Amino acid sequence: MSAYKPLQDSKLLEMYETMVLSRILDERIWMLNRQGKAAIVASSQGHEAAQIGSVYALRTGEDQFYIYYRDLAVMLSLGMTPLEIMLGFTAKEGEPLSGARQFPTHGSYGEIGLVNLSNVIATQLPQAVGVGLAMKMQNRQSLVITYFGDGASSAGDTHEAMNFASVHKLPVIFLCENNKYAISVPLRLQMAVDNVADRAQGYGMPGVTVDGTDIVAVYEAVTQAAERARNGSGPTLIEAVVERYLPHTSDDDDSIYRSHEEIENAKKHDPIIKLRTLLLNMDILDDDLERKLYSRATSIVNEATDNADKASYAPRENFYGHVYKGDK
Amino acid sequence: MKIELPHVGESVTEGTIQKWLKAVGDQVSKYEPLVEVVTDKVSMEVPAPADGTITGLLVEEGQTVPMGSVIAEMEAEEQNVSSTSNTENNFSDVLNPGRTGRLLKDVTPVGPTGSAGPQNKVREIPSTSRSSRPRYSPAVARIAEEQNIDLKLVTGTGIKGRVTRKDVRDYITTIDDDRKGERSNIGGDLLGDLEDEKIVVTPIRRMIAERMVQSSRMIPEAWSLTEVDVTGLVQLRESVKDGFLSKNGINLTYLPFVVRAVAESLRANPLLNSSWEEEFISLKKHINIGIAVASDNGLVVPVIHDADCLGLTEIAVKISELASDARKNALSLESVQGGTFTLNNTGALGSVASQPIINFPQSAILTTEAISKKAVVLETDSIAIRSIMNICLTFDHRVMDGSEAASFSQLVKRLLEDIGPHDSI
Amino acid sequence: MLIRSRFVIKKEKTIALKNVLEAVREAMWEEMHRDERVFVLGEDVGKRGGVFLATQGFLEEFGDKRVMDTPLAESSIAGVALGAAMQGMRPIAEIQFGDFIWPVFNQIVGEASKVRYGSNGKLGVPLVLRTPQGGGVRGALYHSQSVEAYFYHTPGLKVVAPATPYDAKGLLKSAIRDEDPVIFLEHKRTYRLVQGEVPDEEYVLPIGKADVKIEGSDISLITYGLMLHHCVEAAELLKEEGISVEVVDLRTLRPLDIDTILSTVEKTGKALIVHEDSKFGGIGGEVAAIISEEGFEFLDGPVTRLAGPEVPAMPFSPTLEEMYMIDSEKIVQAIRNLSAY
C-alpha cells in the first residue's frame with residue numbers, strides 16, 4: 001500500500017463498511033438472478049475500492065456522477081439504499097431511478113447527482129463533458145466525474161469527449177475502471193498501448209494509472225484531479241486498474257475465455273482484504289468490530305431482499321407517461 | 001423443515017441436481033446457497049430458507065426431479081424463512097413445425113443481453129452471517145400465496161410457535177367452513193342491494209379451467225355409452241365385503257374391479273392408452289390409471305401407476321390411500337403425475353350418463369355411472385331384474401376410430417359381466 | 001386374448017429441426033467455407049463465439065484472420081467493413097445489439113448506401129451488417145429496440161428480417177452473396193424459441209420475395225419477424241371460428257415484394273399489417289400506402305395496422321414489457337374487428 005496522506009480514521013472505517021455492504025449486496029443480487037428473480041445483473045465485485053474511494057474524494061450533492069452499469073458501489077456510496085438498488089434489479093414498483101422502466105442501475109437520481117442514461121457504451125462521456133461545460137459557463141465550483149470501462153475507452157465517443165474537454169479545460173474527471181476485459185475481448189485486442197492513461201497525453205491532459213484495489217491510492221488520485229477541475233485547470237484521465245471476479249453479466253459464461261486459475265489469482269488482490277489489513281494494523285478495526293459490521297450489513301441486505309420480494313412489479317399505469325413534458 | 005426445488009418462470013418443469021454445496025450436518029445461514037441445479041440450459045442455486053443445520057440431502061447428484069420436489073431437509077434455528085419464486089404454468093403445444101417452425105413455449109429464451117453456453121457455470125458465493133427475523137417455510141408461503149392467506153392470522157403449533165404446513169391447512173379448512181356459512185346467509189337478505197358474489201378463482205381452479213379449455217380446443221372428442229350387466233359383480237361384492245373390510249381395514253367398492261378390467265382392456269387396446277403427438281401417436285409403456293377425486297380445492301386425479309401389475313386388493317388399498325390423501329390435500333407430486341388414462345366414478349354422484357372431458361394429453365377417459373336395477377330382456381326372451389351400470393367413453397378421434405374405441409369398451413363390458421357371484425378375489 | 005404391445009407408431013423424420021440461431025450459424029459457416037473472401041468481425045465474435053453463440057467454433061475453424069474480435073467501437077466496425085468490402089472482401093459485420101447500431105449510421109446510411117451511385121457504378125459494397133434486435137426477453141430500453149425503420153428508408157441498402165430458421169439460413173446466404181450492402185435483422189427472441197425444418201441440402205432464398213406462410217381467403221395478415229409466429233397462432237385459432245386468415249411473411253423490408261402484397265389483398269379484400277416496431281413511421285405505413293395507391297379497387301375494408309406503442313422503447317419491468325409486446329390474443333382481436341367491418 002502506498003504512503004497515504006492521513007485520511008481520518010473514521011472515514012477509513014466508513015469506507016470499509018461501505019465496501020462490505022457493497023460486496024454482500026452484490027453477492028445477494030447475483031443469487032437473486034440464479035433464482036430467476038433478477039433478470040440481469042452485472043457485478044462490481046473487485047471494483048469496490050475504485051468506486052468507493054473516488055466518491056469519498058468528491059462532494060456529493062454538488063458534483064455530478066455519470067456512471068455505467070457496473071457502478072453498484074458508487075450508487076451505494078452516494079447514499080442509495082440497498083432496498084432502492086434491489087427494487088431496480090427485481091423491477092419492482094417504487095424503483096427510484098427509472099420507475100423500473102430501465103435495466104437496473106439506469107435512470108437518474110437528481111438529489112445525489114447520479115445519472116446513467118443508457119447501457120450503450122461510452123455515450124456517457126460526451127454527455128458528462130457537456131455537464132462540465134455547463135458548470136463552467138455557470139461559474140460553479142462543482143465538477144463531473146464519469147466512469148467507464150476499458151472497452152469504452154475504444155469508442156469514438158470517448159475520443160471526441162476527451163478531446164473536447166481538454167481543449168476547453170472543462171471540470172471533468174474521466175475515471176476508467178480497467179478490469180482488462182470487455183465482455184470477452186482482452187486488453188491486447190482492445191488497444192495497442194499498455195495503459196489507458198497513456199492516451200491522455202494525446203489530448204493534452206494529465207493521465208494517471210493507479211492500483212484500483214488500493215482505496216487510499218484511488219482517493220488520493222481523485223482528490224488531486226478534483227483540485228485541478230475546480231481551479232480551472234481542466235480534465236484528468238485516471239485509470240484505476242482492477243480485477244473482474246465474475247463474468248461480464250449474468251448472461252455471460254466466462255469459462256469460455258478465462259481459465260479458473262486466472263480468476264483465482266485475480267481474487268487474491270481483493271480490495272476489501274487490502275483495506276482490512278490496513279485497518280487492523282492501524283488498530284481501527286478488530287475482529288469483534290468486524291463481526292458486527294458484517295452482521296449489520298447482512299441484516300440490512302436481508303431486509304432489503306425481503307422487502308423487494310414483497311413489492312409488486314411496476315404498475316401498468318406507468319407505461320405511457322413522460323414521453324413528452326406534460327404527459328400524465 | 002423441508003426444502004423444495006423452487007419453481008422458476010418460463011415453465012421449466014424439472015431440474016437436475018448438479019452439485020451439493022453443503023453436506024448433512026453443515027450449519028447454514030439464510031440465503032446461503034445449498035445446491036447447484038441445472039434446468040434446461042440455465043443454472044440456478046437453491047438457497048437455504050433459514051439459519052440452521054442440514055439434516056438430510058434427499059436427491060443424488062445427477063438426478064432429475066420435478067420442480068416442487070423436496071430435495072433436502074434441515075433443522076431451522078429460528079423463524080427465518082424466505083419465500084420461493086413464483087409458479088408459472090405454460091402448456092407447450094407440440095405441433096408440426098414444418099418450414100414455418102413453431103414458437104416453443106417450454107424452452108428458456110436468450111437472456112436480456114446474451115446467452116451463456118450450455119455449461120453455464122455457477123459461482124460459489126461466500127457465506128454471510130446470520131439474521132434474526134421470523135419467516136415462513138417455502139411450503140407454507142406457497143400455500144398462503146395460492147390460497148390468499150394472511151399468515152399473521154395463523155396460529156403456529158411448531159417449535160417455538162412456528163407456523164407449520166398443517167397449521168395453514170387447518171386454518172384454510174376453518175375459513176372455508178366460515179365462508180360456506182356466509183354464503184348460505186345471503187339469500188336471506190332481501191333489503192338493500194344484492195350484489196353478485198364473486199368467488200376468487202384459485203390457482204388450482206384456474207389450472208383446471210385452462211386444462212379443460214385446452215382439451216376441448218385441441219381434441220376432437222367422440223363419445224359412446226355402453227351398458228354393463230354387473231349383477232354378478234354386485235352379488236360378489238355383497239358376499240365378500242365384510243370379510244374384506246375386516247381383513248384389510250378398508251371398504252371394498254366396485255372401483256377396484258373396474259380398474260382391473262380397464263387395465264386389462266388397455267393392455268389389449270393400447271391405442272386408448274396413448275397420446276397424440278402430431279407426428280406420431282405415442283403408445284404409453286405403462287398403464288397409469290388416474291382416478292378422479294373431488295377434493296376441497298377442486299378435481300384432482302391421483303394416479304395408480306402400473307395398474308395392470310396390481311392385484312385387486314392392492315388396487316383397492318391404493319385407491320383408498322390416494323382418495324384419503326386427496327381429501328386431506330396431502331397428495332405427493334409423484335402421485336398426480338404420469339397418468340395415461342383417466343377413470344371417473346360419476347356414478348357416485350348419482351349420474352347414469354355423463355360426457356367426460358379427456359384429461360389432456362391423454363387419448364381417452366371412462367366414467368362408471370350409477371348402478372341401478374332394471375327390468376331387462378334376456379337372451380331367452382324372458383324378463384329379469386338385473387343390476388345395470390353404464391360406462392361412458394370419450395375418446396380422441398384423431399388417435400382412433402369408433403371400432404378401436406368399441407373394442408375397448410366391449411372388453412371392459414365383457415370382463416365385468418364375466419364376474420360371477422362366487423369368484424375368488 | 002391378452003396382447004402385450006410396447007411399440008410406438010412413428011413417422012420417419014428425415015428433415016432436421018433447428019432454431020433460428022443454429023440456422024444463422026450454419027449459413028455463415030457454409031458461406032465461409034464456400035468463399036474465402038468472407039470474414040466475420042465484431043465484438044466478442046472470436047473466443048466467446050458471440051454473445052448469443054452465433055459464431056461458436058468459428059475462431060477454431062477459420063482462425064483469427066477471418067474471425068476478428070474488434071475493439072468496442074461500432075462506427076469503426078461498420079467503416080472498416082465498408083472499406084474491406086470495396087477492396088474485394090465480403091465482410092459480415094456483427095453489431096452486438098440493434099440498440100448499439102446508431103454509431104454506424106454515418107458509415108452505413110451516410111456512406112455505404114451511396115457508394116455505387118456516387119461512383120457511377122465503379123465501386124460496390126458487398127457487406128452484410130447483421131444484428132439481433134427486438135424484445136420480449138426483458139432487455140429493457142437498450143436491448144429490445146427494433147431498428148428497421150431507420151434503414152429501410154434508405155435507397156441503396158437492402159433490409160432483411162427473417163422469422164423462421166429455414167428463411168434465416170437461405171436469406172443470410174443470399175445476403176452474403178449479394179453485391180450490395182444488406183442489413184440483416186435477426187429477432188433475438190426467435191433465436192432459441194423458434195424451431196423449424198432446415199434441409200441439409202444447399203439452398204438459397206431470394207431477397208425481395210415475401211412468403212405466404214398460411215393460405216386463407218377472408219383476411220390478409222402482412223407481417224415479419226417474431227410477429228409472424230403470433231400471427232400464425234392467431235390464424236390457427238380463428239380457423240376454428242370460421243375466419244380464414246392468410247398470413248404473409250414479408251421476409252425482406254427493402255425491397256418490398258409489392259406483387260405478393262397486392263395479390264393477397266386482391267384475394268381477401270382486407271389487410272391487417274402487424275409489426276413489433278412502433279406504429280408511427282413503421283413499415284406498416286409504407287405497405288398501407290402501396291395497397292391504397294395500387295390496390296384500391298380490391299379493398300373491402302380499411303387497411304389496418306397493429307403495431308408497437310408510441311413510447312421511446314420497451315421497458316424492463318415484466319408488467320410493462322407485456323404491455324408493449326403484441327401477442328396472438330391482441331392479433332386475434334384485431335382480426336375480429338377488421339373481419340366484422
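The model is predicted. Chain A comprises 12 helices and 9 strands. Chain B comprises 7 helices and 19 strands. Of the 328 residues in chain A, 57% are buried. In chain B, which has 425 residues, the buried share is 37%. In chain A, 76% of the contacts with a separation of 6 or more link residues 24 or more positions apart. For chain B, 65% of the contacts between residues at least 6 apart join residues at least 24 apart.

Chains A and C touch. The contact involves 28 residues of chain C and 32 residues of chain A. On the chain C side, helix H12 (residues 318–324) gives the most, with 4 residues. That side of chain C has 16 nonpolar, 4 polar and 8 charged residues.

Within chain A, helix H1 (residues 9–34) packs against helix H11 (residues 271–281). Their axes lie 10 Å apart, at an angle of about 150°. Angles over 145 degrees count as roughly antiparallel, so H1(A) and H11(A) fall in that class. Their crossing is left-handed. H1(A) contributes Leu12(A), Leu13(A), Met15(A), Tyr16(A), Met19(A), Val20(A) and Arg23(A). H11(A) meets them with Pro271(A), Ile272(A), Leu275(A), Arg276(A) and Leu279(A). The contact holds 10 nonpolar and 2 charged residues, with no polar residue.

Helix H1 (residues 20–34) and helix H7 (residues 165–177) of chain C have axes that come within 8 Å. The axes cross at roughly 30°. Angles under 35 degrees count as roughly parallel, and H1(C) and H7(C) are therefore roughly parallel to each other. The crossing of H1(C) and H7(C) is right-handed. From H1(C), the contact draws on Val20(C), Glu22(C), Ala23(C), Val24(C), Glu26(C), Ala27(C), Met28(C) and Glu31(C). From H7(C), it draws on Pro165(C), Ala168(C), Lys169(C), Leu172(C), Lys173(C) and Ile176(C). By class, the residues of this contact are 9 nonpolar, no polar and 5 charged.

Gly225(C) sits in the loop between strand S11 (219–223) and helix H9 (226–239) of chain C. Gly225(C) has 27 other C-beta atoms within 10 Å. The cut-off for burial is 20 or more, so Gly225(C) is buried. Beyond residues up to four places away in sequence, Gly225(C) touches Gly134(C), Ala161(C), Ala163(C), His187(C) and Glu276(C). Arg189(C) is 36 residues from Gly225(C) in sequence. In space, the C-alpha atoms of Gly225(C) and Arg189(C) are 9.5 Å apart.

The average pLDDT of chain B is 81, and 82% of the residues score at least 70. Helix H2 (residues 165–186) of chain B has the lowest confidence, at a mean of 68. Strand S17 (residues 341–344) of chain B has the highest, at 96. Two stretches call for caution. Over residues 80–94 of chain B, pLDDT stays under 50. The model has 50 contacts beyond four places in sequence for residues 80–94 of chain B. Residues 118–134 of chain B also stay under 50 in pLDDT. For residues 118–134 of chain B, the model has 43 contacts beyond four places in sequence. Where pLDDT is low, predicted coordinates should not be read in detail.

Technical notes:
Residues numbered from 1 in each chain as written. Chains lettered and ligands numbered in written order. Predicted model: local features only at pLDDT ≥ 70, side-chain atom pairs only at ≥ 80, totals over all residues. Helix = DSSP H or I, 4+ residues; strand = E, 2+ residues; numbered from the N terminus. Buried ≥ 20, exposed ≤ 12 C-beta atoms within 10 Å, placed from the backbone. Contact = placed C-beta atoms within 7 Å. Nonpolar A, V, L, I, M, F, W, Y, C, P; charged D, E, K, R; others polar. Axes fitted to C-alpha atoms, helices over the stretch in contact; angles between N-to-C directions. Parallel < 35°, antiparallel > 145°, perpendicular 65-115°, else oblique. Left-handed = near helix turned anticlockwise from the far one by under 90°. pLDDT = per-residue confidence, 0-100.
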